[in-house]
Amino acid sequence: MKQHLLLLLFCLLSSVAWTQEQAQPQNNDSLRWEVAAKELQAGHYEKACSLYMDVNSHTIATYQDINSRKVEDLRNKYSIDEVQLQRNLQQSRLLRLMWIAGIVLVTVFIGYVFYIRRQNKLLARSREEMNRAKALAEESIRNKSLFLSNMSHEIKTPLNALSGFAEVLTMPGIDEGTREQCNDIIQLNSELLLKLINDVIDISCLDVANMKFCIKSCDVVALGRNVVKTLSAIKQTDAEMVFETGLTSLELATDAERLQQLLINLLVNATKFTKEGSITLKLEQTEDGKAQFSVTDTGCGIPLEKQAHIFGRFEKLDEKAQGTGLGLSICQLIIKRLNGDIWVDSSYTKGSRFVFVHPITQEARS
């Protein structure tokens, strides 16, 4: 029985010692502990055991109370931490929403800027096209007015001559010399009127992009010689008309009729402003394998300020001279359709010189 009591006391002592290490006992517990120790030394084991059990119960109650307070403190602290965590989560969510809203706003702003820039470009392009169309319309109106004024003047002059001298022919008692003179004048004005109508038809036809050119092989040496020979017989000037070339023959792929028309227009234009001296049609082959024609005269020449506009429609060097001002425009249209180029040689100062180049071979164009 004593051994069992001693073992129980040892266990109680160990438990109380551990409890004493974990919690701070009150003063009365220390007194009880001392009393129990004295009883144990005095050999009063049962009483000492009872005291130790009381001390242990009180210590356990105290420890439970301490633990309860600590648990409550931890619970309160956890609640505070949980509230703070919820608050932090809400702040983080709000910040994320602000970032998303900011990115969306920046994206929308950038898209709006690009949209405005694109609209401005489209507006500027539309404005340019409108200005271009306006300029073309104004140019068309100007050309129409200029065309009508030129046509009315140019048609009126030969028609008045035809009407007047035809009436003279019907008058009784005119001599044969007067009759022949009237016939010559009527013939001349008929040719002028026919040339005027042909020029108008030519420039309207050449403006049509799908007008067909009959491209065939042609010896332009023979063509140039025949054109000069024909015009020399009917020229109304004292200037000598000659053809120069170092070539015996030169085959070109061209529209012979249109090329002949181009040469005639240039030579006839030269006769209007060259009363004496010479008019020379020259043909040579360039280093890059093209045929180069030039019409050189010793007439009044073309002022430098007018050379840039000489190929314009209705442009006339002398407003009093006969003609519509369409001849050189027709020449430019023809040579462009034949894949060539034409210009005024500004370095020649003893008159005027027109130069144009023509390719040797080319595909038939329509």
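Predicted model: local features only at pLDDT ≥ 70, side-chain atom pairs only at ≥ 80, totals over all residues.
Select Phe-293 and Phe-356: their ring centres lie 4.8 Å apart and their planes meet at 10°, so the pair is stacked (planes under 30 degrees apart; over 60 is edge-to-face, the rest tilted). Phe-293 belongs to strand 5 and Phe-356 to strand 7 (residues 352–359), 63 residues apart, so the pair links distant parts of the chain; strands are DSSP E runs of at least two residues, helices H or I runs of at least four, numbered from the N terminus.

Next, select helix 5, residues 220–234. Which of its residues are buried? They are Val-220, Val-221, Leu-223, Gly-224, Val-227, Val-228 and Leu-231. These cover an arc of only 165° around the axis (taken from the directions to the C-beta atoms), which puts them on the same side of helix 5. On the other side, Lys-229 and Ala-233 are exposed. Display the surroundings of the buried residues: they pack against elements including strand 1 (216–219), helix 6 (256–273) and strand 5 (290–297), contact meaning heavy atoms within 4.5 Å.

Residues are numbered from 1 along each chain as its sequence is written. Local features need pLDDT of at least 70, side-chain atom pairs count only at pLDDT 80 or more, and totals for chains, interfaces and linings use all residues, while side-chain values use heavy atoms, without hydrogens and water.

Notes: Expected span 1.5 Å × (residues − 1). Buried < 20%, exposed > 50% of the residue type's maximum accessible area, 1.4 Å probe, protein only. Phe/Tyr/Trp six-rings, centres within 6.5 Å; stacked < 30°, edge-to-face > 60°.
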